[in-house]
Amino acid sequence: MKRRSNSHHRWKRKLILLILVGLCLGTLALMETQYSRIKKLALLSRPLVQKPKIAFLFIARNRLPLDMVWDAFFQGDREKKFSVYVHSRPGFLFNKATTRSVHFLGRQVNNSIQVEWGEASMLQAERVLLQNALVDLQNERFVFLSDSCIPLYNFSYTYDYIMSTPTSFVDSFADTKEGRYNPKMDPVIPVRNWRKGSQWVVLTRKHAEIVVNDDIVFPVFQLHCKRKSLPEFWRDHPFPADAWKEHNCVPDEHYVQTLLAQEGLEGEITRRSLTHTSWDLSSSKDHERRGWHPVTYNLADATPTLIQSIKDVDNIYYETEYRREWCTSKEKPAPCFLFARKFTRPAALRLLNMTALGVHGEASRKS
């Protein structure tokens with residue numbers, strides 16, 4: 001009886017041990033399953049690291065006549081590395097009745113102002129665009145574009161070109177010839193800091209914030225930088241008798257350049273524009289009016305040859321500084337321009353249909 005009892009106890013102990021081992025293994029398996037689920041949920045819930053964005057800032061009169069060209073350009077980005085802001089006349093809305101591109105729907109800034117060419121209101125419009133774009137912390141570059149501007153390359157090439165350098169692209173040179181500097185600006189803006197260049201700049205976030213927060217240079221421009229009174233700009237006032245004394249100062253051609261010079265930041269800019277503009281100085285018989293407006297490309301002008309000639313530009317010469325700017329990207333020779341103006345809607349659509357614009361395919365220097 002005693003042997004049977006011992007055998008029975010040994011069997012019970014083995015059974016209990018097996019049950020305990022089973023429970024331990026089951027617990028370990030359950031813990032592993034739960035750990036895998038928690039790890040998977042953590043990976044899914046972890047915020048994606050989004051690449052820096054480029055804010056495209058359009059200055060328009062009303063609608064954007066070249067919206068479908070830009071629509072094709074933006075379709076080349078699948079990672080949402082861009083944002084769009086449009087400054088149009090107050091009250092104008094980008095809806096399905098005013099644009100056929102989803103990229104512009106509702107993208108108008110709602111605090112726009114009425115802009116007059118050649119006046120400080122253009123600077124205000126630029127600052128309004130920057131104020132809106134700076135709200136998005138992902139925006140790290142800010143590109144100013146006109147409503148007659150087209151992209152020359154696809155989105156990927158354009159993005160890499162702009163983001164490959166930590167500098168802003170600001171066409172800027174010492175303005176020593178045209179007498180636009182008004183001595184009344186001194187001493188706030190000394191003549192040694194007076195600069196001229198294209199308004200179509202590309203700014204880093206740091207420089208965009210400097211423009212928006214500027215409360216010293218901007219008020220001086222409002223007071224003392226005004227375009228010359230020419231008959232084509234008459235409103236309700238007669239041509240002034242002392243017009244010859246006026247300084248022909250166009251604010252948007254001087255402001256950003258002069259502000260960055262004032263701040264001692266010219267070492268942080270690439271001193272050229274990425275937007276091509278053709279100025280025909282012989283288009284007007286009146287010497288005073290020559291060079292006031294760029295050439296407009298119409299339907300007949302829209303050829304692959306024209307676009308290729310712009311893409312082939314690889315250097316810019318600045319007469320007043322005896323400086324030649326050789327264009328580079330990623331420390332290699334590169335085309336100077338990513339955008340071009342001024343194109344009519346028929347001209348731009350013709351180029352798009354001819355695939356003369358590289359907005360769809362991979363771009364190269366000669367594409």
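## A buried cysteine

Cysteine 225 counts as buried, because its relative accessibility is 2% and the cut-off for buried is under 20%. This value, like the others here, is computed from a predicted model.

Cysteine 225 has a bonded partner. Cysteine 225 and cysteine 249 form a disulfide. Their sulfur atoms lie 1.8 Å apart.

A disulfide is a covalent bond between the sulfur atoms of two cysteines. The count for this structure comes to two disulfides. A disulfide also joins cysteine 327 to cysteine 336, with an S to S distance of 1.9 Å. The angle about this S-S bond is 95°, and the link of cysteine 327 and cysteine 336 is right-handed.

Are cysteine 327 and cysteine 336 buried or exposed? Cysteine 327 has 3% relative accessibility, so it counts as buried. Cysteine 336 has a relative accessible area of 0%, so it is buried as well.

Now count the bonded cysteines along the chain. The disulfides follow the pattern 1-2, 3-4.

One further cysteine deserves a look. Cysteine 149 is buried, because its relative accessible area is 1%.

## A cavity and its lining

Rolling a probe the size of a water molecule over the atoms shows where empty space is left. How many cavities of 30 Å³ or more does a search of the whole structure find? The search finds one. The largest cavity has a volume of about 30 Å³.

Which residues line the largest cavity? They are Leu123, Glu126, Gln199, Val201, Asp252, Tyr255, Val256 and Gln257. By class, the lining has four nonpolar, two polar and two charged residues.

Two helices each supply at least two residues of this lining: helix H3 (121–134) and helix H7 (255–262). H7 gives the most, with three residues.

## An exposed proline

Proline 183 is found in the loop between strand S6 (173–174) and strand S7 (195–196). Is proline 183 buried or exposed? Its relative accessible area is 51%, so proline 183 is exposed. The cut-off for exposed is over 50%.

Proline 183 and histidine 247 are 64 residues apart in sequence. In space they are 9.5 Å apart, C-alpha to C-alpha.

## A sheet of three strands

The structure has an open sheet of three strands. Their order is S4-S15-S10, and the pairing is mixed. Which are the edge strands? They are strand S4 (150–151) and strand S10 (275–276). Each of these edge strands pairs on one side only.

S10 and strand S15 (residues 339–340) pair in the parallel sense. Two bridges join S10 and S15. Look at histidine 276 for a detail: histidine 276 stands opposite alanine 340 in S15.

Methods: Residues are numbered from 1 along each chain as its sequence is written. This is a predicted model: local features need pLDDT of at least 70, side-chain atom pairs count only at pLDDT 80 or more; totals for chains, interfaces and linings use all residues. Side-chain values use heavy atoms; hydrogens and water are left out. On a 1 Å grid over the protein atoms alone, a cavity is a set of points where a 1.4 Å probe fits but cannot get out, and a pocket is an open set with protein on both sides within 12 Å along at least five of seven lines; lining residues have an atom within 4 Å of a point. Grid points are joined across faces, edges and corners, and a volume is the space filled by probe spheres set on the points. Helices (H or I, at least four residues) and strands (E, at least two) are DSSP runs, numbered from the N terminus. Ala, Val, Leu, Ile, Met, Phe, Trp, Tyr, Cys and Pro count as nonpolar, Asp, Glu, Lys and Arg as charged, and the others, Gly among them, as polar. A disulfide is a pair of cysteine sulfur atoms within 2.5 Å. Buried means under 20% relative accessible area, exposed over 50%, partly exposed in between (1.4 Å probe, protein chains only). Two strands pair if DSSP finds at least two bridges between them.
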